[in-house]
Amino acid sequence: FASLKLPNVTSYRLVDWFVTQGYLSREPARRRLIIGPKLTNLAFGALSSSMRHDTPHVVLQRLVHTLNETCNIGTLLNGEVVYLDRVEAEHWPLRLHYTVGSRVPLHCSAIGKLFLALAAAPRRRRLLQSLELRRFTDSTITDSARLETELRQIRKEQVSFDREEYLVGVVCMAVPVIGKNGEMLAALAIQAPQARMNVQTARRRRPALQHAAAELAEIFQDRSLSQSRIE
């Protein structure tokens, strides 16, 4: 607001309006302003909509055609995993009906555990402290010590599994989409009923997912570079 040269009183009123409308939030501990849920959702909506008709969607379609299973791209938003894009394996009689924008918990999804594991230690601690380790199936990890052990293994292997932890009978494997600076940009996952894909079967499909993840990283990186040049 300083760059707009607005009076302090006007700036405070604008900030209060943005906070009450959900576009900004106040961080309790540090009393600083952060992006609010409404602004985050607007940005996510624009991003996911553009991806449906863009190169990342083509990469996802090609991967599904190769593996004959449903695949999705997910990101971390407000402490949950959100699907940015998703392509169903249409020829299978048993399908999992999620849509772009569907949200799943961090502690019991392959993408969620991957984000937790690969986050910087301070951020991981904040996320874990805010998590409710709710039980969804008999396989859901609800013990924090056990979850920490799982996250250490994920960091070591750079791959994450949902072993029927969110939905009974559904297995998922996720790999990171890593930028050139080492930052995790998104995650790419394959998901299928356990009757068709167990963890061992999923592991055999890991190279194909990693190849597609590398393609996505290049696309996201190039897009970010182009945007920075425009700005």
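Modeller: Two strands pair if DSSP finds at least two bridges between them. Strands (E, at least two residues) and helices (H or I, at least four) are DSSP runs, numbered from the N terminus. This is a predicted model: local features need pLDDT of at least 70, side-chain atom pairs count only at pLDDT 80 or more, and totals for chains, interfaces and linings use all residues. Numbering starts from 1 along each chain as its sequence is written, and side-chain values rest on heavy atoms, with hydrogens and water left out.

Colleague: What makes β3 and β4 a pair?

Modeller: Seven bridges join β3 (residues 70–77) to β4, and the two run antiparallel. Pairing needs at least two bridges, so they qualify. Within this pair, L76 stands opposite V81. The hairpin has two residues between the strands, and N78 takes a positive phi near 50° there.

Colleague: How do you know that β4 also pairs with β5?

Modeller: Two bridges join β4 to β5 (residues 103–104), again antiparallel. The rule asks for at least two, so the pair counts. V81 faces V104 of β5 here.

Colleague: Why is β4 called mostly covered?

Modeller: Seven of the eight residues of β4 (80–87) are buried. Buried means under 20% relative accessible area, exposed over 50%, and partly exposed in between (1.4 Å probe, protein chains only).

Colleague: How do you know that the span of α6 agrees with expectation?

Modeller: The expected span is 1.5 Å times one less than the number of residues. For the 14 residues of α6 (144–157) that gives 20 Å, and the end C-alpha atoms are 20 Å apart, so the two agree.

Colleague: What caps the N-terminal end of α6?

Modeller: D143 does, with a side-chain oxygen 3.3 Å from the backbone nitrogen of A145.

Colleague: Why are Q158 and E164 called partly exposed?

Modeller: Q158 has a relative accessible area of 33%, and E164 has 24%. Q158 lies in the loop between α6 and β6, E164 in the loop between β6 and β7 (170–178).

Colleague: What makes the phi of Q158 and of E164 worth a look?

Modeller: Most residues other than glycine have a negative phi. Q158 is not a glycine, yet its phi is positive, about 65°. E164 is likewise positive, near 60°.

Conventions:
A polar contact is a pair of N or O atoms within 3.5 Å; within protein, one must be able to donate a hydrogen and the other to accept it, and residues adjacent in sequence count only if both atoms are side-chain atoms.
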